[in-house]
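Colleague: I am new to this model and would like a short tour. Could we go through it together?
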Amino acid sequence: MNNQIIFYPGTLDEKDGKFIQMGNKCKSCGKTSFPAVELCPFCCSDNGEKVPLSTVGTVFSFSVTRVPVGPYKPPIIGAYIDLPEGTRVFGQLQANEEELKTGMKVKVETGVLWTEKDGTEVLGYYYVPVETKHGGAE
Amino acid sequence: MRDVYVLGIGQTVFGKHTDLSVNDLGAAAGLAAVKDAEISPKEFQTAYCGAMHNIPVVGESILRRLGVDRIPIFNVENACASGSSAVHLLYRDIALGACEVGIALGVESLSAYARKFGKGLIGFEEDHEAKLALTMPSFFAMLCNRLMQERGATIEDICYASIKNHKAGISNPYSQYKKEVTVEEIMASPMIADPITVLQCCPQSDGAAAIILCSEDFYKKHNKKENRAPVRVAGSVISVSGAQDSSYDPLALKSLIDGAKAAYEMAGIGPEDLNVVELHDAFSGEELAAYEMLGLCKPGEGVTLARSGAAEMGGRCPVNPSGGLQSMGHPLGASGVRVVADIARQLWGEAGGYQVEGAQVGLAQMLGGVLSNIESPVVAGIQILVK
């Protein structure tokens, strides 16, 4: 198996063989921030706990970059995703360009973002549309 | 707080200066300011130098070439607001009585940066969202998409500042570009991040700017330009954003709105008193959002203001008559000093082909930095000058 690393330390925790986004829920002001940092970014409290982030959110705004950025090849769909707990997360969106829409529901997935020249796989998170069924019976 | 006056300004032509180092550029701008102020650099009691991609002790490295030594010199980095921060700190030193006179420099060589780190879009080092390809164009593309969705901006509106500012830059001898552009040319240029094309982006530039500020006493003793009306820095604010949650809208950046209000209050004026504005138009569409945040129009009416022509030469309050970052160019650390120098030039009536007739009050603004989990852009710099 190839060596694997996480694209940015502290953004994903491994639990039962799965990677999940862990944020900090502040017990003083109630805000959830991601990734967890030293103190609550909103109120400076150290009274917080690590919690998994919601896995489904909505697209606040998006852009499609048409030139390469670092290891990524265009088109690169970037989006701010708003989670039910009030946290905004930037991530890439793996979707067809035609279906992109502000307010669309997306869910988080984790996987290899890119592979380094030495074969090291760099793991991270990205979002995919929540499939909606049109027509037919539920 | 004491009154602070502008004694002299200087800058290089902005553009590609591949044969000039950061030191060459900074020394040229510094020397131009010294000549303009007609004082010896030995008079300086302190100096600040704004630069984003810095060489070590850049301010000292530049100023030794002008014989400036044995004074406190500070190097300031605050992304595109680095130069604004240098001006602000010098202003503060003089206003609070810590010194009588000093120089603020801003300098950048993106040619040198590209030689070191390669070309391409710039993300912020060590930022986790930058590692997911959040770049300046992708951030401002989202802002443009918000403008289209929330304000009904069309592609023509998004291109407005690029067209207006390229036209204005033609008469500015310091401008990188001297060429008009049309909507068709803008949209035919390569797409960077929808809807932002190359011709909606400021160019990557090399250049430097400098401003010499002083106390009223020093000004009275040393100002030799009898025909120049005294120009005061009446307000100066550096305003940093707060933590971001899902309520944030980049069309209403609190640090800029509050920073502008604080600067107006310091200066004892309102946005309706402004005759000229120089602002951060790194991406064409953002200028329309800035109209609202600076109070040039009501919230929600940035597109309407653009369509009214009020921000053009001959309009109620021309914005970026220099050509702005779109046409002037944007040597990152230099721009924050350059916009203040340009407002001084306007109030002195020395802006030549891009002079706003009768300008009495002007505002210079810069925005800098896009980071994770903080309302971006991260830093707003605002300076108000009054004749």
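This is a predicted model: local features need pLDDT of at least 70, side-chain atom pairs count only at pLDDT 80 or more; totals for chains, interfaces and linings use all residues.

Colleague: Which residue of S7(B) is the bridge partner of Gly8(B)?

Modeller: The partner of Gly8(B) in that strand is Ile212(B).

Colleague: And is S1(B) mostly covered or exposed?

Modeller: S1(B) is mostly covered, with eight of its eight residues buried.

Colleague: Let us step back. Into which domains is chain B divided?

Modeller: Domain 1 of chain B comprises 4–116 + 205–230, and domain 2 comprises 134–202 + 234–386. The C-alpha centres of these two domains lie 23 Å apart.

Colleague: How many residues of each domain are in contact with the other?

Modeller: In chain B, 36 residues of domain 1 are in contact with 32 residues of domain 2. On the domain 1 side, at least two residues each are supplied by strand S1 (4–11), helix H3 (82–95), strand S4 (101–109) and strand S7 (206–215) of chain B.

Colleague: Which element has the largest share of that side?

Modeller: That is H3(B), with eight residues of the side of domain 1 that touches domain 2 in chain B. The residues of this side divide into 21 nonpolar, 12 polar and three charged.

Colleague: What about H3(B) and H13(B): at what angle do they pack?

Modeller: H3(B) and H13(B), the latter covering residues 332–348, pack at an angle of about 50°, and their axes are 5 Å apart. The two helices are therefore oblique to each other.

Colleague: Why do you give both an angle and a distance?

Modeller: Because two packed helices are described by the angle between their axes and the distance between the axes.

Colleague: Which residues meet there?

Modeller: From H3(B), Ser82(B), Gly83(B), Ser84(B), Ser85(B), Ala86(B) and Val87(B) take part. They meet residues of H13(B), among them Leu332(B), Gly333(B), Arg338(B) and Val340(B). The residues of this contact divide into six nonpolar, seven polar and one charged.

Colleague: Changing topic, how many residues does the contact take from chain A and from chain B?

Modeller: It takes 31 residues from chain A and 27 residues from chain B. On the side of chain A that touches chain B, the elements that give two or more residues are strand S6 (56–65), strand S7 (76–82) and strand S8 (88–92) of chain A.

Colleague: Which of them gives the most?

Modeller: S6(A) gives the most to that side, with six residues. The residues of the chain A side divide into 14 nonpolar, 13 polar and four charged.

Terms used
Residues are numbered from 1 along each chain as its sequence is written. Chains are lettered from A and ligands numbered from 1 in the order in which they are written. Two residues are in contact if their C-beta atoms, placed from the backbone, lie within 7 Å. Helices (H or I, at least four residues) and strands (E, at least two) are DSSP runs, numbered from the N terminus. Ala, Val, Leu, Ile, Met, Phe, Trp, Tyr, Cys and Pro count as nonpolar, Asp, Glu, Lys and Arg as charged, and the others, Gly among them, as polar. Domain bounds come from an automatic or database domain assignment. A residue is buried if 20 or more other C-beta atoms lie within 10 Å of its own, exposed if 12 or fewer, and partly exposed in between; C-beta atoms are placed from the backbone. Two strands pair if DSSP finds at least two bridges between them. Axes are lines fitted to C-alpha atoms, for helices over the stretch in contact, and angles run from 0 to 180 degrees between N-to-C directions. Angles under 35 degrees count as roughly parallel, over 145 as roughly antiparallel, 65 to 115 as roughly perpendicular and the rest as oblique.
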